[in-house]
Amino acid sequence: MSIDILPWQRTALAELLARREKLPHALLIFGKQGVGKLEFARAISQSLLCESPDAGIACGVCPACGWFREGNHPDFRELRPESHDDAESDDAEAQEVVADIDTKEKKKSREIKIEQIRELGMFMTLSTHRDGFRVLLVHPAEAMNPAAANALLKTLEEPPARTLILLVTNRIGRLLATIKSRCQKLMIPAPDEAAALAWLTARGIDDAGAVLAQSGGAPLDAVAFADTDYQADRKAFTQILADSNADYLAAAQMFEKRELSNILDWLQTWVGDVALSRFTGEVRHHGEHRAAISRIATRVNMPALFRYESQLRQSRRSVHHPLNARLLLEQLLISYSQAIR
């Protein structure tokens with residue numbers, strides 16, 4: 001079985017692996033959410049560890065590729081928060097509002113902690129298997145707490161020979177400047193629309209164009225957005241945003257047990273569509289509400305809208321451990337109504 005590579009990344013991967021003996025000791029892989037950054041990093045990792053690469057890319061059939069697929073290659077470590085669910089984004093995990101869970105401990109569970117970095121000591125110092133590469137993959141890199149980031153910095157400053165450290169992030173601005181300065185940066189772009197639609201269609205995604213638009217052109221997010229329950233919630237919530245006479249307090253009560261990160265996504269993309277409609281007449285994410293968005297855009301006060309967008313960004317900091325989910329939603333929806341007056 002060959003390695004599973006996202007089709008829009010194959011050329012870039014081959015070009016990178018063509019200089020495998022001249023690779024930097026650390027790559028900082030960044031870009032927007034949902035374009036396949038983690039998949040690209042894993043493809044690099046498997047290809048470097050493969051014992052019979054084809055034009056630099058992993059063969060998928062050698063013992064090393066088998067170990068990699070099974071998650072037990074001796075020269076590979078993947079470091080992530082204990083609660084991370086293998087998604088690219090730290091906003092991807094489902095949240096449950098449970099009153100008796102200590103929110104501080106919940107926050108810690110979403111961090112990469114210094115103990116995890118320290119546990120890599122033996123891995124980074126022992127000889128590699130069959131004198132090959134050693135690969136450490138850290139994702140999402142912005143989940144490292146300050147102590148963990150500083151501990152990793154020591155390894156970045158003096159990496160062992162034939163070692164590649166891969167840091168994957170959606171939010172490069174959150175990383176320490178000292179971390180960024182010691183890595184070669186590699187941006188992973190979104191695929192063109194035709195490539196993304198072909199990939200989604202091949203996966204059996206219905207209405208691929210609509211979910212791709214909702215994701216802002218990020219095909220991996222579009223797969224998640226195709227979920228029936230997700231779409232039902234999105235349509236119900238955006239209908240509230242489109243209704244100038246909506247009861248926002250009732251809406252907050254209705255959605256308080258829903259995924260708060262999804263609701264923030266819908267609010268942010270809605271605000272983005274309003275701004276885009278105002279300046280260009282276009283709507284990117286919520287095309288089924290084009291008429292309502294256009295109506296709002298014609299009368300909205302743009303400074304107020306931008307202040308509201310800033311409020312949404314600030315709210316993301318507490319989205320995974322809100323003190324009161326309904327109160328947060330009430331505040332956001334009331335502020336929305338004020339912003340679009």
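The model is predicted, so local features need pLDDT of at least 70 and side-chain atom pairs count only at pLDDT 80 or more, while totals for chains, interfaces and linings use all residues. Residues are numbered from 1 along each chain as its sequence is written, and side-chain values use heavy atoms, with hydrogens and water left out. The chain carries 17 helices and five strands, where helices (H or I, at least four residues) and strands (E, at least two) are DSSP runs numbered from the N terminus. Its radius of gyration of 22 Å is close to the 20 Å that the globule rule gives for 341 residues, so the chain is as compact as a globular protein of that length. That radius is taken over C-alpha atoms, and the globule rule is 2.2 Å times the number of residues to the power 0.38.

**Overall shape and surface**

- Along its principal axes, the C-alpha trace spans about 70 × 45 × 35 Å.
- Of the 341 residues, 51% count as buried; buried means under 20% relative accessible area, exposed means over 50%, and partly exposed lies in between (1.4 Å probe, protein chains only).
- The chain exposes about 16,700 Å², and carbon and sulfur atoms supply 51% of that area. Accessible areas come from the Shrake-Rupley method with a 1.4 Å probe, and for residues only the protein chains shown count as cover.
- Among contacts (heavy atoms within 4.5 Å) with a separation of 6 or more, residues 24 or more positions apart account for 72%.

**Helix H7**

- The 12 residues of H7 should span 16 Å at 1.5 Å a residue, and its end C-alpha atoms are 17 Å apart, which agrees. The expected span is 1.5 Å times one less than the number of residues.
- Buried residues in H7 include Ala148, Ala151, Leu152, Thr155 and Leu156.
- Cover for the buried residues of H7 includes strand E1 (26-30), helix H5 (114-118), H6, E3, E4 and helix H8 (177-181).

**Helix H17**

- H17 (residues 325-339) has 15 residues and reaches 21 Å from its first C-alpha to its last, close to the 21 Å expected at 1.5 Å a residue.
- Among its buried residues are Ala325, Leu328, Leu329, Leu332, Leu333 and Tyr336.
- What covers the buried residues of H17 includes H12, helix H13 (248-255), H14, H15 and H16.
- At the start of H17, a side-chain oxygen of Asn324 comes to within 3.1 Å of the backbone nitrogen of Arg326.

**Salt bridges**

- Side chains of opposite charge can pair when their charged atoms come close.
- The whole structure holds 11 salt bridges, each a side-chain nitrogen of Lys or Arg within 4 Å of a carboxyl oxygen of Asp or Glu.
- Arg42 and Glu78 meet in one of them (2.5 Å, N to O). Arg42 lies in helix H2 (residues 37-49) and Glu78 in strand E2 (residues 76-79), so this pair ties together parts that are 36 residues apart in sequence. Glu78 is partly exposed, at 27% relative accessibility.
- Arg234 and Glu288 also form a salt bridge (2.5 Å, N to O). Arg234 sits in helix H12 (residues 228-242) and Glu288 in the loop between helix H14 (260-280) and helix H15 (290-299), so the pair ties together parts that are 54 residues apart in sequence. Arg234 is buried, with a relative accessible area of 2%, whereas Glu288 is partly exposed at 46%.
- Glu309 bridges to Arg313, their closest N and O atoms being 2.8 Å apart. Both lie in helix H16 (residues 302-315), four residues apart, about one turn of the helix. Glu309 is partly exposed at 23%, and Arg313 is partly exposed at 45%.
- Salt bridges that share partners join Arg42, Glu78 and Arg80 into one network.

**Backbone details**

- A cis peptide bond joins His139 and Pro140, with omega about -20 degrees. Pro140 lies in the loop between strand E3 (134-138) and helix H7 (146-157).
- Arg130 has a positive phi of about 55 degrees although it is not a glycine. Arg130 lies in the loop between helix H6 (121-125) and E3, and at 56% relative accessibility it counts as exposed.
- Arg162, also not a glycine, has a positive phi of about 50 degrees. Arg162 lies in the loop between H7 and strand E4 (163-169) and is partly exposed, with a relative accessible area of 35%.

How values were computed. Polar contact = N/O pair within 3.5 Å; in protein donor to acceptor, adjacent residues only side chain to side chain.
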